[in-house]
Amino acid sequence: MAKFLHTMIRVTDPDATIAFFNLVGLEEVRRFDSEQGRFTLIFLAAPGQEGVAEVELTYNWPPADGSATEQYDGGRNFGHLAYQVDNIYDTCAGLAEAGHIIHRPPRDGHMAFVKSPDGISVELLQDGRLLPQEPWASMENTGTW
């Protein structure tokens with residue numbers, strides 16, 4: 001079974017984007033700042049839709065060295081679709097057997113990334129956590145996601 005979680009878009013001005021989605025009827029439901037990763041995740045949902053259908057805004061902080069901030073073109077602002085699955089290892093095995101590349105294997109028993117035939121990134125998140133297991137635990141990333 002799969003459960004839709006969220007769609008991620010990259011933003012350059014979180015406040016302006018939140019204000020836009022507020023006008024559509026979405027509200028901020030949670031936020032996560034990563035000092036180490038230098039990004040902020042902001043989740044928005046329509047009233048009553050928290051945890052059901054959300055938009056994840058990803059704001060990549062300006063580089064610490066003062067260089068230019070990241071700009072998005074050519075669809076880079078759209079990030080990925082996310083689905084919760086009952087068993088991430090079985091799901092990834094089925095995808096791999098069908099010829100799809102697991103770009104970010106579920107080494108941690110929690111998260112993986114694959115791409116659709118059209119190159120859309122799809123994040124798979126385990127419902128709960130599974131212990132790391134081979135062959136996934138030692139697989140390297142492949143390409144981008």
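Buried means under 20% relative accessible area, exposed means over 50%, and partly exposed is in between, with a 1.4 Å probe and protein chains only. By that scale Glu-28, at 35%, is partly exposed.

Before going on, a word on the source. This is a predicted model, in which local features need pLDDT of at least 70 and side-chain atom pairs count only at pLDDT 80 or more, while totals for chains, interfaces and linings use all residues. Residues are numbered from 1 along each chain as its sequence is written, and side-chain values use heavy atoms, with hydrogens and water left out.

I start with the salt bridges. Side chains of opposite charge can pair when their charged atoms come close. The term here requires a side-chain nitrogen of Lys or Arg within 4 Å of a carboxyl oxygen of Asp or Glu. How many salt bridges does the structure hold? There are three.

One joins Glu-28 to Arg-31, at 2.9 Å from N to O. Arg-31 is partly exposed, with a relative accessible area of 43%.

Another is formed by Glu-54 and Arg-30, whose closest N and O atoms are 2.8 Å apart. This pair links distant parts of the chain, since Glu-54 is in strand 4 and Arg-30 in strand 2, 24 residues apart. Helices (H or I, at least four residues) and strands (E, at least two) are DSSP runs, numbered from the N terminus. Is Glu-54 buried or exposed? At 5% relative accessibility, Glu-54 is buried. Arg-30, by its value of 38%, is partly exposed.

The remaining salt bridge is between Arg-104 and Asp-108, with the closest N and O atoms 3.6 Å apart. Arg-104 is buried at 12% relative accessible area, and Asp-108 is partly exposed at 29%.

Next, Thr-40. This residue is in strand 3 and is buried, with 6% relative accessibility. Which residues does Thr-40 touch, not counting those up to four places away in sequence? They are Arg-31, Phe-32, Asp-33, Leu-57, Thr-58, Tyr-59 and Trp-61, where contact means heavy atoms within 4.5 Å. With two of these, the side chain of Thr-40 makes polar contacts: one to the side chain of Asp-33 at 2.6 Å, and one to the side chain of Trp-61 at 2.7 Å. A polar contact is a pair of N or O atoms within 3.5 Å; within protein, one must be able to donate a hydrogen and the other to accept it, and residues adjacent in sequence count only if both atoms are side-chain atoms.

Now helix 1, residues 14–24. Its buried residues are Pro-14, Thr-17, Ile-18 and Phe-21. As background, an α-helix has 3.6 residues a turn, so residues three or four places apart point the same way. What do the buried residues of helix 1 pack against? They pack against strand 1 (2–10), strand 2 (27–34), strand 3 (39–45) and strand 4 (54–60). The face turned away from the buried side carries the exposed residues Asp-15 and Leu-23.

Val-24 is also in helix 1 and is exposed, at 54%. Val-24 and Ala-46 are 22 residues apart in sequence and 8.7 Å apart in space, C-alpha to C-alpha. After helix 1 comes Gly-25, with a positive phi near 115°.

Last, the rings. The structure holds four aromatic pairs. Rings of Phe, Tyr and Trp (its six-membered ring) pair if their centres lie within 6.5 Å; planes under 30 degrees apart count as stacked, over 60 as edge-to-face and the rest as tilted. One of the pairs is Phe-32 with Phe-39, tilted, at 6.3 Å centre to centre and 55° between the planes. Phe-32 is partly exposed at 44%, and Phe-39 is partly exposed at 23%.
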